[in-house]
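The sequence and structure come first.

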Amino acid sequence: MRPVLIVGGGPAGLTLARGLRQAGLSCMVLDEHARHSRPDRGLGLWNRSQEALRRLGAWQALRMLTHRIPPAAYRDRQGHWLSRCSEGATNSLRVATVLESKLLDALADGMDEGTLRFGAKVTAVREAADRVVVALDDGNEVHGSLVVGADGPHSLVRRCIFGESTRAVDTGLVSFSGILPHRAITKVDEFHGTRAKLRPESLAFETLSGGQRFALVPLRESAFWFATMSADSPAALQALDKDVADATVERQGVGPQTLARLRQAYAGWHDPIPAVLHAAACAEAEAQMGSHNERDGGPHRHQDLDIAQGMVRCQRIVTVPPLSRWHTRRCVLVGDAAHGMPINLAQGAAAAIEGSFLLGRQLAMNLLDCPDEASQAGAICQALASYERAHKPRIDQCRTITSFTALLARPANPVSESVRNSMRFVPRAINERIFDAFLEWSLGERPRSTARLYTAAFGDDEVESFGYR
């Protein structure tokens, strides 16, 4: 059997590759980036993705690198809680946060060089009756039994197979983000009027005001922050300059003028947001100096994080239009290539891992006993249909809740914002119950019919450990 060709070496692609290799199926990952060249970010791993990583043998290496936090909660710019999950053992440990670089290393561990091909840029995908052909920018072609588009929201595979009408849609928003060591995050004494250091886990929040958002996500030894605002805001225009109209643009390192405008945009917001942005400006300045020293042959290591992590990242926020289907006979989409959504719920990586793990299991269950190519073609079609049937309802529910939370963040005038902020006066027990219900719906844990679609795809012997029976 020809190998399964996986385009994209992010969480979705490497999860699938690990699953296929574990099952004894041949595969090849084609990623246009050099290894370890991706800008790092913080990710949230929810229940199903954690279970998938356990079954793939990657969780043992990751466990000591993750940090447990409750689901995100919302505040207004004064710091008042608007809505949050109920307090309990389940929610307090529900999300495991981790750096993407650590996750990718754990997934790639043990794979041979023939499986992972970094620096291999795909330029075209062609589907034939008995194979798929992937063209590379060096003029070579790779043939496989199936191609999997795991190449993110700007997926070339999706556009080759389903047409240019599926191109990612610009939301009109820009995201700034960065990673800071705990040492920098916890130095907020002067902002809080107390000499007591705050625990990093107590700083998890998401704040909404004036059409802008700011969030802080604690990690094991650092914290990931992000801020979103309109693409025509002064900070965004400064960062993206003439390329602001290009939704594929991403900047690593935005410069002091942009950071000054970013800090101005969040002036007057509750603590510790000013301290975080001040620390981010300092970290980027140190990283920029380190980068210059490195080029000049001088010392460049930062005491808390490497040069790339010190840089502030800026990118346009895009979504993938809802697709009526994710697969053809020999092509299928996973992760953001299939269902890229805004970063409102912090479920993108987890959903990608869930879907890729499910796809790998379906391919293994259907292909391992196929005696010839004719039967393999039918088995592939059956596996792809089972994957989509089990995973798509959960994603559709997540997309609905994501759209709702985007509406919560949208009010940009005092009247509409005061209406939105009135949710903090809802009795706490009711507020928390509503939050929990929305969260479970977005994760596909409710209704039971959606949960059973996913677990039933694994067979009765595997359903119980997912906890949704």
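## Cysteines

Cys-85 is buried, its relative accessible area being 7%, whereas Cys-282 is partly exposed at 34%. Buried means under 20% relative accessible area, exposed over 50%, and partly exposed in between, with a 1.4 Å probe and protein chains only. A disulfide is a covalent bond between the sulfur atoms of two cysteines. The search of the whole structure finds zero disulfides, where a disulfide is a pair of cysteine sulfur atoms within 2.5 Å.

## Model and conventions

The model is predicted, with local features needing pLDDT of at least 70 and side-chain atom pairs counting only at pLDDT 80 or more, while totals for chains, interfaces and linings use all residues. Residues are numbered from 1 along each chain as its sequence is written, and side-chain values use heavy atoms, with hydrogens and water left out.

## Overall makeup

The chain has 19 helices and 19 strands; these are DSSP runs numbered from the N terminus, helices being H or I of at least four residues and strands E of at least two. Of its 469 residues, 55% count as buried. Among contacts in the chain with a separation of 6 or more, 74% come from residues 24 or more positions apart, contact meaning heavy atoms within 4.5 Å.

Ala-236 lies in helix H9 (residues 234–240) and is buried, with a relative accessible area of 0%. Ala-236 and Leu-262 are 26 residues apart in sequence, and their C-alpha atoms are 8.3 Å apart in space.

## H2 against H14

Helix H2 (residues 47–55) packs on helix H14 (residues 348–367) at about 45°, with the axes 8 Å apart. Axes are lines fitted to C-alpha atoms, for helices over the stretch in contact, and angles run from 0 to 180 degrees between N-to-C directions. H2 is therefore oblique to H14: under 35 degrees counts as roughly parallel, over 145 as roughly antiparallel, 65 to 115 as roughly perpendicular, and the rest as oblique.

From H2, Arg-48, Ser-49, Ala-52, Leu-53 and Arg-55 meet Ala-350, Ile-353, Glu-354, Phe-357 and Arg-361 of H14. By class, the contact of H2 with H14 holds five nonpolar, one polar and four charged residues. Nonpolar covers Ala, Val, Leu, Ile, Met, Phe, Trp, Tyr, Cys and Pro; charged covers Asp, Glu, Lys and Arg; the others, Gly among them, are polar.

## H1 against H5

Helix H1 (residues 11–23) and helix H5 (residues 100–108) pack at about 20°, their axes 9 Å apart, which makes H1 roughly parallel to H5. The H1 side of the contact is Pro-11, Leu-14, Thr-15 and Arg-18, and residues of H5 in it include Glu-100, Leu-103 and Leu-104.
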